[in-house]
Amino acid sequence: MAQVNSVETVNSNANYNAVKIKIDKPKTLLPNDFKSAADDKGVYNAVSVEVTDPIVARYPNNAIYDYPKADKIVTYDMIAAPEISDKVSVPAPNFTTVENEKSQKVSFNGKQELEVVPAEEIKPDVDINKVLANLSGSDYDKQAKQLEEITVNVLKNPNVGKNYIVKDVFAGMINIIKADTTQLMPPTEAQIEARKKIITNEIIKEQAKAENKEVPELPYKITEEDIKLASELSTMEMAERNKEYALYTMAILTKLYVDEVKNQTGNVIPITDLPGVSETVDVLRFNQNPSLKIAALDALSYIYRPEYKDELKEIFKIAAQDDVPYVAEAANMILTSIDKK
């Protein structure tokens, strides 16, 4: 067997582990009956090395990475073995289905169960598409109810009312005000006659009440049929009624619009730039329905601000010259009220 010339214990500067073995010119000793080295068949090797108690040098303190050290090695056999006192607890797998998820109930401290239900779709406070459809539709009752809904929401909850501040909503109300109603069905003669009777009787009652007198015998005997007939509105009357509603509703929404812009920007929109103002003034100038003129006066008075004082005074001065006495009287009352502000 060849001699091992040198075996060296490693030092801290070595780039190998524990033992360095250096062998020079190893030789293999073969029996005499072996004809060649090929007959060795691995039984005899050139070198036999035995290493006892090798020393391994430690890495320096500034090693690139220090692996965490466990108190003990935990293997699967240890986990599965019942005789190990510090056995590791592994939770059982949790299998579920979509059906189980839907019917799942959550309990708090074992006292109460709450059923988990799917989240509901959050809908907007105002369905603008529905609003526009109602305003532009031919059903005058739906139209009137929609105008009333806008008014109530704006007055009771301005945060909800702000959802109506949309160009198309103003356009819908302007179209109602400007609609030509001359081709619609007017009230019948029977309706007009029934209303005259009711109004005459009511005037006599009010006069007696104002004079603290007993109500005299009324000139007309009013039946339930008369009341029903008088209360029915023709399509023309419904359209004219909705014009009044639209004037009031647009004024209420316009005031909210002006106030919101003022709060957010500090600026006041000029009255000439407000939606629907020119159409409201046109009602005062050209419409022959005194009730609509009164509604237009009320609408303009509602949006009054000190910044609009001069323009509004000029409009009310013109209205004070109206041929209908109570329209002129209403305009003068508004003028007096403005002068006191």
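A residue is called buried here when its relative accessible area is under 20%, exposed when that area is over 50%, and partly exposed in between, with a 1.4 Å probe and protein chains only. By that criterion, helix α10 (residues 277-286) has Val277, Glu279, Thr280, Val281, Val283 and Leu284 buried. The model is predicted, so that local features need pLDDT of at least 70 and side-chain atom pairs count only at pLDDT 80 or more, while totals for chains, interfaces and linings use all residues. Residues are numbered from 1 along each chain as its sequence is written, and side-chain values use heavy atoms, with hydrogens and water left out.

**Overall make-up**

- The protein has 13 helices and four strands, where helices (H or I, at least four residues) and strands (E, at least two) are DSSP runs numbered from the N terminus.
- Of the 341 residues in the protein, 26% are buried, and the accessible surface comes to about 25,400 Å², with 51% of it belonging to carbon and sulfur atoms.
- Among contacts (heavy atoms within 4.5 Å) between residues at least 6 apart in sequence, 59% join residues at least 24 apart.

- Leu274 touches Thr254, Val258, Ile269, Ile303 and Tyr308, when residues up to four places away in sequence are not counted.

**Packing of α3 against α6**

- Helix α3 (residues 128-136) packs with helix α6 (residues 167-178) at an angle of about 10°, and their axes are 9 Å apart.
- That angle makes α3 roughly parallel to α6, a term that applies to angles under 35 degrees.
- On α3 the contact is made by Ile128, Val131, Leu132 and Leu135, and on α6 by Asp168, Val169, Gly172, Met173 and Ile176.

**A residue with positive phi**

- Asn212, in the loop between α7 (189-210) and α8 (224-231), has a positive phi of about 55° although it is not a glycine.
- Asn212 is exposed, with a relative accessible area of 74%.

Key:
Axes fitted to C-alpha atoms, helices over the stretch in contact; angles between N-to-C directions. Parallel < 35°, antiparallel > 145°, perpendicular 65-115°, else oblique. Areas by Shrake-Rupley, 256 points an atom, 1.4 Å probe, with all protein chains shown as cover.
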